[in-house]
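Subject: Structure handover

Hello,

Here is the structure for your files. Please look it over first; my notes on what was found come below.

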Amino acid sequence: MPAKSLLSGQRPAAGKLLCAVDAALTPASPVTDVTELTTLATAAVTAGRGHVLGTSHAVFPNGAVTLVLILAESHLAIHTWPEENLIAVDLFSCGSIAAERVAGELIAALQLADARVRRMERGALLR
């Protein structure tokens with residue numbers, strides 16, 4: 001990651017991590033309102049000591065949402081499948097962010113059920 005893309009005072013971390021969450025949506029999951037979803041995702045990233053630099057989203061005809069938060073530490077992507085009551089969250093980090101904290105905050109804020117959180121180190125072959 002080029003130094004100029006980092007926030008002032010940050011240094012790139014050696015570890016790269018993918019934290020993936022697969023879960024079931026519930027009737028109370030606030031995932032159809034993109035503004036609320038963005039607010040909750042941003043709060044989760046902030047709770048994990050991450051820094052949101054920008055956002056982008058798409059809403060599909062069936063009500064599915066894809067939301068991407070560009071982070072100083074990399075990115076967070078949320079994809080929903082309302083017709084299947086599914087949500088997938090991918091947090092890729094190449095910086096010092098508390099990925100499990102972000103995942104836990106999102107699971108609670110989005111009122112998800114049957115959440116599975118997986119952690120995978122990335123870039124190991126390149127070291």
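Thr38 is buried, at a relative accessible area of 17%. Buried stands for under 20% relative accessible area, exposed for over 50% and partly exposed for in between, using a 1.4 Å probe and protein chains only. This is a predicted model, in which local features need pLDDT of at least 70 and side-chain atom pairs count only at pLDDT 80 or more, while totals for chains, interfaces and linings use all residues. Residues are numbered from 1 along each chain as its sequence is written, and side-chain values use heavy atoms, with hydrogens and water left out.

Thr38 is part of helix H1. Helices (H or I, at least four residues) and strands (E, at least two) are DSSP runs, numbered from the N terminus. Setting aside neighbours within four places in sequence, Thr38 touches Thr55 and Leu67. Contact here means heavy atoms within 4.5 Å.

**The sheet**

The open sheet has 6 strands in the order E2-E3-E4-E5-E1-E6, and the pairing is antiparallel. Two strands pair if DSSP finds at least two bridges between them. Strand E2 (52-59) and E6 are at the edges with a single partner strand each, so one side of each has no neighbour in the sheet. On average, neighbouring strands are turned by 10° against each other, direction ignored. Axes are lines fitted to C-alpha atoms, for helices over the stretch in contact; angles run from 0 to 180 degrees between N-to-C directions.

E3 and E4 run antiparallel and are joined by 6 bridges. Val68 has Ala77 in E4 as its bridge partner. The hairpin from E3 to E4 passes through 2 residues.

E4 and E5 also run antiparallel, with 8 bridges. Ile78 is opposite Val89 in E5. His75 faces Phe92 in E5. Their hairpin has 4 residues between the strands, and Asn85 there takes a positive phi near 55°.

**The helices**

H1 lies across E2, strand E3 (65-71) and E4, at about 35° to E3. H2 lies across E1, E4, E5 and E6, at about 20° to E1.

Which residues of H2 are buried? In this helix (residues 99-109), they are Ala99, Val102, Ala103 and Leu106. Seen down the axis of H2, the buried residues fall within an arc of 100°, so they line one face of the helix. The arc is taken from the directions from the helix axis to the C-beta atoms. These buried residues pack against strand E1 (16-24), helix H1 (34-47), strand E4 (74-81), strand E5 (86-93) and strand E6 (113-122). Just after H2, Gln111 has a positive phi of about 50°.

**How the helices meet**

The H1 and H2 axes come within 8 Å and cross at roughly 145°. The crossing is right-handed. That term applies if the near helix is turned clockwise from the far one by less than a right angle, and left-handed if anticlockwise. H1 contributes Leu40, Ala41, Ala44, Val45 and Ala47 to the contact, and H2 contributes Arg101, Val102, Glu105, Leu106 and Ala109. By class, this contact has 8 nonpolar, no polar and 2 charged residues. Nonpolar covers Ala, Val, Leu, Ile, Met, Phe, Trp, Tyr, Cys and Pro; charged covers Asp, Glu, Lys and Arg; the others, Gly among them, are polar.

Best wishes
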